[in-house]
Amino acid sequence: MSRLLVTGGAGFIGSNFVHYWIARHPDDRIVVLDSLTYAGNLANLEAAAQHPGFRFVHGDIRDQGLVESLLREEELDSIIHLAAESHVDRSISGPDIFVDVNINGTHSLLKAARRAWMENPGTDPERYRFHHVSTDEVYGSLGPTDAAFTESTPYSPNSPYAASKAASDHLVRAYQHTYGLPTSISNCSNNYGPYQFPEKLIPLCIVNLLVGKALPIYGDGQNVRDWLHVDDHSRGIELILDRGRVGETYNIGSRNEQANLDLVRQLCRSVDKLFAERPELCDRFPEAPPASGRQCKEAIEFVTDRPGHDRRYAIDSSRLEDELGYSSTTDFETGMDSTVLWFLENEAWWRAVMDESYREWMTDQYGQ
Ligand code: NAD
Ligand code: DAU
């Protein structure tokens, strides 16, 4: 039985990871620590809150004392560190919080883990694991024919977000090398799935279609991302926690490169198809293009490019596949259809997460 601390567990990947973990390890203790920024939402954890082994703590990863006492009091043996500022565009308009949370926050967490886990005589480091969830953006940008990123690709982060994640990766590595803290790192490609905040490309486009807004495509729409369903990410982390080597880095991806314009066109086809199959959707979403006989792709609009926009990411996850038997299982078209369906069926969720007062209310109700 494991006792997990999941930082950022009220965010997109964190909450999916919590659901995934509870379904597969029902006897484990799982404590979520989340400060509930705009991206964190207790509604994402409603199902988990019914589980007896689950606890939510409203707090900040930069509060070293809080983290240390949680680790001790709950006898936690694993940290899955997801808490971060995660949106590239926000890091361009306001980089300070990215440096503070992603770098200083990760450092604070490392210090807490070191004190709680390593400073007792006779501690067995094998009992513990600090797993840091990072991104493929630390490797920079690929040309059209470059080989995919491997774990030995030199770091070359281009946005303040990517630079802050790169710095946090280096700190995690240094704490393992210098102090023997049992760490591992995963660098993952773009995720998609339920509960993703509607600022990222896929949920933004779904929600915009449903409310009759344009689909903003940066630049020429030919930037390429390597898309992975969030459950496949959770499975990769699970394998690393279970059998991954301490001190090692693992890339997680699914060899699913898509130019943004192609991806958005596929998303449009998926929404068109669902509206054709379910005519009642035209009454629920009268502003959506199919409700007035138009195709969704007509909403595509090219807009000014993101400054410093990385051209292409592609992940080579051979190490995870060869060492730990990983393979991604969600086919992209199926994953996209199920994600679109999730947003159609969870209109209250996406309307609410965009409503500040609702989030404050949830924090008052359930936060600590
Ligand atoms: P998200 O923005 O949806 O969620 C981040 C969560 O962290 C939120 O719940 C937020 O409230 C919480 N948080 C932020 N600052 C905090 C603080 N100081 N203390 C405690 N909690 C805090 O992010 P996401 O997309 O779920 O990403 C999770 C992690 O995975 C991040 O570290 C990100 O860099 C990494 N990652 C994301 C992707 C992706 O495609 N989304 C891909 C690879 C790696
Ligand atoms: O690669 C992993 C990274 O993926 C994670 O580390 C980040 O946390 C996550 O936000 C994501 O970063 P991206 O910048 O790739 O994701 P985003 O959804 O913001 O954008 C995907 C692509 O779509 C990118 O090329 C920019 C483009 N885009 C995005 C938005 C929001 C548009 O063309 N229009 C948009 O409105």
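1. The model is predicted: local features need pLDDT of at least 70, side-chain atom pairs count only at pLDDT 80 or more, and totals for chains, interfaces and linings use all residues. Residues are numbered from 1 along each chain as its sequence is written, chains are lettered from A and ligands numbered from 1 in the order in which they are written, and side-chain values use heavy atoms, with hydrogens and water left out.

2. Ligand 2 is surrounded by 24 residues (a heavy atom within 4 Å). Thr135, Asp136, Tyr161, Arg306 and His309 are the closest. By class, the shell has nine nonpolar, eight polar and seven charged residues.

3. Strand S8 (215-218), helix H3 (88-93) and helix H6 (201-211) each supply at least two residues of this shell; S8 gives the largest share, three residues. Helices (H or I, at least four residues) and strands (E, at least two) are DSSP runs, numbered from the N terminus.

4. Oxygen atoms of ligand 2 lie 2.7 Å from a backbone N or O atom of Ser86 and 2.7 Å from a polar side-chain atom of Thr135. A polar backbone atom of Pro216 is 2.8 Å from a nitrogen atom of the ligand. The protein covers 94% of the 690 Å² of accessible area that ligand 2 has on its own (Shrake-Rupley method, 1.4 Å probe).

5. Helix H1 (12-24) and helix H7 (230-243) each supply at least two residues of the lining of the second largest pocket, with the largest share, four residues, from H7. By class, this lining has eight nonpolar, four polar and seven charged residues.

Note on methods:
Nonpolar A, V, L, I, M, F, W, Y, C, P; charged D, E, K, R; others polar. Polar contact = N/O pair within 3.5 Å; in protein donor to acceptor, adjacent residues only side chain to side chain.
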